[in-house]
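Work through the exercises below with the sequence and the coordinates open. Each task is followed by a solution in steps.

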Amino acid sequence: MMKILLFLVFPFLIISCGENNDEAKIDGRWYTQSQVDNGRVVFGKNCAACHGGNAQGTFSWTRKSSNGSYPPPPLDGTAHTWHHSLSMLKRTINNGGVPLGGKMPAFKEKLSESEKNEVIAFFQSQWNKKIYDAWIKRGGLN
């Protein structure tokens with residue numbers, strides 16, 4: 001009986017050991033905690049000087065500066081960032097903010113695709129559930 005049981009169970013043990021045990025997504029969001037953690041580092045090196053360490057942006061981000069450009073907006077869910085789909089957020093990271101009236105440089109050649117995703121994961125981790133759900137409802141994953 002024991003041999004039969006081992007014969008039946010052993011293949012499942014081997015299969016489960018070989019499965020891809022990817023890290024779980026955070027609260028049903030598209031990203032993982034490791035993406036957020038890596039994104040915090042990439043954001044700190046490339047974005048925080050303008051957007052703030054917690055993606056809080058600048059106080060007067062809705063008013064043009066004396067040079068005619070808009071200051072860095074909050075990315076923490078308190079401004080309009082959640083109105084933009086994932087593809088639009090990546091396009092802004094790639095091409096910079098100049099086409100949108102800002103001064104953000106392009107990061108297309110500076111950050112890898114993985115780093116861009118991690119940066120977005122980091123600042124979206126600052127969004128509360130209501131904002132994230134509204135982003136999803138607007139087609140955010142497009």
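**Exercise 1. The largest pocket**

Task: State the volume of the largest pocket and describe its lining.

Solution. 
Step 1. The volume of the largest pocket is about 750 Å³. This is a predicted model, in which local features need pLDDT of at least 70 and side-chain atom pairs count only at pLDDT 80 or more, while totals for chains, interfaces and linings use all residues. Residues are numbered from 1 along each chain as its sequence is written, and side-chain values use heavy atoms, with hydrogens and water left out.
Step 2. A pocket is found on a 1 Å grid over the protein atoms alone, as an open set of points where a 1.4 Å probe fits, with protein on both sides within 12 Å along at least five of seven lines. Lining residues have an atom within 4 Å of a point. Points are joined across faces, edges and corners, and the volume is the space filled by probe spheres set on them.
Step 3. The lining has 35 residues, of which His-51, Pro-72, Pro-73, Thr-92 and Met-104 are the closest to the pocket centre.
Step 4. Sorted by class, the lining holds 21 nonpolar, eleven polar and three charged residues. Here Ala, Val, Leu, Ile, Met, Phe, Trp, Tyr, Cys and Pro are nonpolar, Asp, Glu, Lys and Arg are charged, and the others, Gly among them, are polar.
Step 5. At least two lining residues come from each of helix 2, helix 3 (48-51), helix 4 and helix 5.

**Exercise 2. The overall fold**

Solution. 
Step 1. Helices (H or I, at least four residues) and strands (E, at least two) are DSSP runs numbered from the N terminus.
Step 2. Buried means under 20% relative accessible area, exposed over 50%, and partly exposed in between, with a 1.4 Å probe and protein chains only.
Step 3. Contact means heavy atoms within 4.5 Å. Among contacts between residues at least 6 apart in sequence, 54% join residues at least 24 apart.

**Exercise 3. Helix 4 and Asn-94**

Solution. 
Step 1. Asn-94 lies in helix 4, whose buried residues are Leu-86, Met-88, Leu-89, Thr-92, Ile-93 and Asn-94. Helix 5 and helix 6 are among what covers them.
Step 2. The relative accessible area of Asn-94 is 15%, so Asn-94 is buried.
Step 3. Not counting residues up to four places away in sequence, Asn-94 touches Ala-106, Phe-107, Lys-108, Glu-113 and Lys-116. The C-alpha atoms of Asn-94 and Glu-113 are separated by 9.6 Å.

**Exercise 4. Positive phi angles**

Task: Where are Asp-27 and Ala-55 placed, and what is the phi of each?

Solution. 
Step 1. Most residues other than glycine have a negative phi.
Step 2. Asp-27 has a positive phi, near 45°, in the loop between helix 1 (2-18) and helix 2. With 73% relative accessibility, Asp-27 is exposed.
Step 3. Ala-55 has a positive phi of about 65° and sits in the loop between helix 3 and helix 4. At 0% relative accessibility, Ala-55 is buried.
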